[in-house]
Amino acid sequence: MIHLYKKGAWLVNGTELMEDGTEAASWIQAKTGQAAPRKEEAARNTIAYSILAEHNTSGNMDELKIKFDKLTSHDITFVGIIQTARASGLEKFPIPYVLTNCHNSLCAVGGTINEDDHMFGLTCAKRYGGVYVPPHQAVIHQFAREMMAESGKMILGSDSHTRYGALGTMAMGEGGPELVKQLLGRTYDIKRPEVVGIYLTGKPIPGVGPQDVALAIIGAVFANGYVKNKVMEFVGPGVENLSADFRIGVDVMTTETTCLSSIWKTDSVIKDFYDIHGRSESYKELQPGAVTYYDGLVYVDLSLIRPMIAMPFHPSNTYTIEELNENLMDILEDVEKKAQVSLDGKIPYTLKDKVKNGKLYVEQGIIAGCAGGGFENICDAADILKGASIGSDAFTLSIYPASTPIYMELAKNGVLADLIQTGAVVKTAFCGPCFGAGDTPANNALSIRHSTRNFPNREGSKIQNGQISSVALMDARSIAATAANKGFLTPATEYAGEYRKPKYYFDSTIYANRVFDSKGTADPSVEVQFGPNIKDWPQMPALTENLLLKVVSEIHDPVTTTDELIPSGETSSFRSNPLKLAEFALSRKDPEYVGKAKEVQKAEKAREAGNCPGEAMEEVGKALDKVKTVYTEINNENTGIGSTIFAVKPGDGSAREQAASCQKVLGGWANIANEYATKRYRSNLMNWGMLPFLIQEGELPFKNGDYLFIPGVKAAIENNAGELKAYVVGDTLKEFTLGLGEMTPDERQIILDGCLINYYRSGK
């Protein structure tokens, strides 16, 4: 089904493969009649390399400085981004910037604060020359597919699932500060990423959908980091056997592999997509070169993929549905053991009570958002459900088309009526089910969803209130088959009927009527409209020569998600209020974190005011006194005081910058980790002036509650040191080593200045 090459791979004429080795050169010569090129030359024949080269401004393809063609954000990220850019001198949006409203669009909590954010976005689009998509019109990524994507171009979005590779657009999801850099004419600076070929062959069998293929790939590559921070390039003859919607559905889930970005070869199927959407000029054929070298290769036989399920609490916890049903109690036992790691044993958890007469029953199904809400997914689900009923018991089914044009076409072709007749509820375009703002299941319930993630509590339950519910990821087709069986888990391959495959007709009239598009023209006379919840970022101090840090949280989960660092769901209403939002930091993982961090922050605020930190917090004074027995020169001016957390591998999941900025707002100076789950989380730390320290796995000389003294940290950053010494402050100073990892010159300066806002204010 899926095979990972142990070495790099050679691709000849887009179809023939050879794993790198001593025989590769002779094989290439036999296939092409020419001498094999060097790996370095053949690596330039990837689609990814050509796009990166066209967007790189550094003149050095090893050290990239990328300028994107377009930007996109939604309503729990664009306020903070624009506020940061405004504080840094923003006058107009220099490139097309689309502000969608698909996360806080319900306006269900917090009084006026959600709609205040929307009005902020609309007035900013007018003042700075942007595009504003009102609530319920489209989820961020579907609008980008329909109206923004262009073959050979690059888009940067402040949402981790910014993936339009199937349409020939290399897109990346990053934290807000990276978009700020683009808005201010700066660049996205990275080392040239490795490119891994995803070679598709065969054709999916009926009942297998894009989520099945995606979950199979995620299950094969996540744990081993095979594509981490790399570009996934989809090639091979199997691509031609997939519709545009199918490719899009696989592509959007590449985020869950922890890759940097994705790109696909394009063909007549993608040309038709652009033609249907009235943007024929946006199509360009993209193919790898005649002889192409990939740094790794994932071989996928589509014909062998079976309906998949990702069990709680991660998209990589994958099984075939048949395998799950055949080994039900053993797999559920394993899921429960893994769950207790994620839940820290704070709450009883079982799925075994879902088993009735040897069958697993679920209470909820959802098909939604950028992954599930596509036209083809919904039409195929409707075919499976046609003439059936979801029943009158606990099971419910909700369907969210990804855009109003899709919704309109479902109404015109009768699919909408077919779905409603079954008892399903069809709702407007909304991302809520993906992050816990709507359709939260009952306590102890199990929901199956064609959406992007199934992290603990992401569906909206609150472990701190004794609640727990679960999400398993599945394809829309198997969700429909399960719904037709009133909640009994059923793979779609058991459906023996036909799929009608109605033709899609895109009607952009609703966008023409409702979307504000300035066509890039700024109007400085427009006053930005604020609400009382929209607050500026607090002042953040520059890095001092030395640091005294208290460890205020210690997390030993194999992976810590951004949802656990700052919860999704109800917190989204406060994304425009840094101080209010920070109160939720680690609330589901470590409820004591906020209080501990704020206690330490009192000492830092006293230091900044010229007062004695020890008077604000006695134990800080004692720690400083112990340090001064060795480092006599430390004082208020040269030694900052703050907090830090340890986590084994933090930052999996969302691009949300608030996972880092909330810690900074609470006085955090650093994270300490064995490794960082994603590039975007590490970037978020640095953009908020947080030190991304590293420590060897298995080496943990400190514990929660300890004070750490880090002398010469400013000099280490200035001199681009790879590591520096630190001390655990106890009866004596116990030395250990912290790594820093590679940083660009700009990243080092941002940390020195204290955060990106300070960096721009300083005129650098």
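Pro210, Gln211, Asp212, Val213, Ala214, Leu215, Ala216, Ile217, Ile218 and Val221 are the buried residues of helix H8, where buried means under 20% relative accessible area with a 1.4 Å probe and protein chains only. That makes H8 mostly covered, with 10 of its 12 residues buried. Helices here are DSSP runs of H or I with at least four residues, numbered from the N terminus.

This is a predicted model, in which local features need pLDDT of at least 70 and side-chain atom pairs count only at pLDDT 80 or more, while totals for chains, interfaces and linings use all residues. Residues are numbered from 1 along each chain as its sequence is written, and side-chain values use heavy atoms, leaving out hydrogens and water.

How far apart are the end C-alpha atoms of H8 (residues 210-221)? They are 17 Å apart, which agrees with the 16 Å that its 12 residues should span at 1.5 Å a residue; the expected span is 1.5 Å times one less than the number of residues.

Now to the cores, sets of buried Ala, Val, Leu, Ile, Met, Phe, Trp, Tyr and Cys residues joined through side-chain atoms within 4.5 Å.

| Nonpolar core | Number of residues | Residues to look at |
|---|---|---|
| Largest | 175 residues | Ile82 and Tyr97, which touch the most other members |
| Second, separate | 47 residues | Leu624, Ala673, Leu685 and Phe709, among them |

Not counting residues up to four places away in sequence, Ile82 touches Leu90, Phe93, Tyr97, Leu99, Phe120, Cys124 and Tyr128, with contact meaning heavy atoms within 4.5 Å.

How values were computed:
Helices (H or I, at least four residues) and strands (E, at least two) are DSSP runs, numbered from the N terminus. Buried means under 20% relative accessible area, exposed over 50%, partly exposed in between (1.4 Å probe, protein chains only).
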